Amino acid sequence: MHRIQNGCTQTFNGFFLKKKITPSQIKLLCTKGKTNVIKGFVAENGQTFNASLTFVEGKVKLDFAKE
C-alpha cells in the first residue's frame with residue numbers, strides 16, 4: 001500500500017490489473033488526478049493494453065483517451 005504525504009490521504013494498492021504502480025505514478029494521481037500512459041496492464045483474458053489511470057471521486061479508473 002502506498003500513501004502520499006502532504007495533502008493526499010488516499011491509500012493505494014501497489015498493483016492495478018497485475019501492473020505495479022510506482023510511487024511517482026501514485027503521486028501524479030494525487031496531485032494531477034491522472035497518470036501518464038502506463039504500458040502493460042493485463043486484462044482478465046490475458047491480453048495486455050496501455051492506459052492512463054484517473055482518480056475521480058475516490059476511485060481509480062482507466063482512461064483510454066489518446067494523448
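This is a predicted model: local features need pLDDT of at least 70, side-chain atom pairs count only at pLDDT 80 or more; totals for chains, interfaces and linings use all residues.
Glu-57 sits in the loop between β6 and β7 (59–63). What makes the backbone of Glu-57 worth a look is its phi, which is positive at about 50 degrees although the residue is not a glycine. Most residues other than glycine have a negative phi.

Leu-17 is another case of this kind: its phi is near 50 degrees, a positive value in a residue other than glycine. Leu-17 belongs to the loop between β3 and β4.

Now zoom out for the layout. The protein chain has 1 helix and 7 strands, and reading along the sequence you get β-β-β-β-α-β-β-β. Of its 67 residues, 27% count as buried. The chain exposes about 4,900 Å², with carbon and sulfur atoms supplying 50% of that area. As for how the chain folds back on itself, take the contacts between residues at least 6 apart in sequence: 22% of them join residues at least 24 apart.

On to the helix. In α1, the buried residues are Gln-25, Ile-26 and Leu-29. After α1 comes Gly-33, with a positive phi near 85 degrees.

Leaving out residues up to four places away in sequence, Gln-25 touches Lys-20, Thr-35 and Ile-38. Let's visit each of these partners.

Lys-20 is found in strand β4 (residues 19–20) and is partly exposed, with a relative accessible area of 47%. Beyond its sequence neighbours up to four places away, Lys-20 touches Gly-14, Phe-15 and Gln-25. Lys-20 and Ile-38 are 18 residues apart along the chain, and their C-alpha atoms are separated by 9.9 Å.

Thr-35 is in the loop between α1 and β5, yet it is buried, with a relative accessible area of 3%. Neighbours within four places aside, Thr-35 is in contact with Gln-25, Leu-28, Leu-29, Ser-52 and Leu-53.

Ile-38 takes us into the strands. Not counting residues up to four places away, its contacts include Lys-19, Ile-21, Gln-25 and Phe-49. Ile-38 also stands opposite Ala-51 in β6. β5 and β6 pair in the antiparallel sense over 3 bridges. They form a hairpin with 5 residues between them, and Gly-46 in the turn has a positive phi of about 95 degrees.

Which residues make up the largest nonpolar core? There are 8 in all: Phe-12, Ile-21, Ile-26, Leu-29, Ile-38, Phe-41, Ala-51 and Leu-53. α1, β5 and β6 (48–56) each supply at least two residues of this core.

The structure holds 3 aromatic pairs. In one of them, the rings of Phe-16 and Phe-41 have their centres 6.0 Å apart and their planes at 85 degrees, so the pair is edge-to-face. This pair links distant parts of the chain, with Phe-16 in strand β3 (residues 15–16) and Phe-41 in strand β5 (residues 38–42), 25 residues apart. Buried or exposed? Phe-41 is buried, with a relative accessible area of 0%, whereas Phe-16 counts as partly exposed at 23% relative accessibility. Together with Phe-49 and Phe-64, Phe-16 and Phe-41 form one aromatic cluster.

How values were computed
Residues are numbered from 1 along each chain as its sequence is written. Side-chain values use heavy atoms; hydrogens and water are left out. Contact means heavy atoms within 4.5 Å. Buried means under 20% relative accessible area, exposed over 50%, partly exposed in between (1.4 Å probe, protein chains only). Helices (H or I, at least four residues) and strands (E, at least two) are DSSP runs, numbered from the N terminus. Rings of Phe, Tyr and Trp (its six-membered ring) pair if their centres lie within 6.5 Å; planes under 30 degrees apart count as stacked, over 60 as edge-to-face and the rest as tilted. A nonpolar core is a set of buried Ala, Val, Leu, Ile, Met, Phe, Trp, Tyr and Cys residues joined through side-chain atoms within 4.5 Å. Accessible areas come from the Shrake-Rupley method with a 1.4 Å probe; for residues, only the protein chains shown count as cover. Two strands pair if DSSP finds at least two bridges between them.
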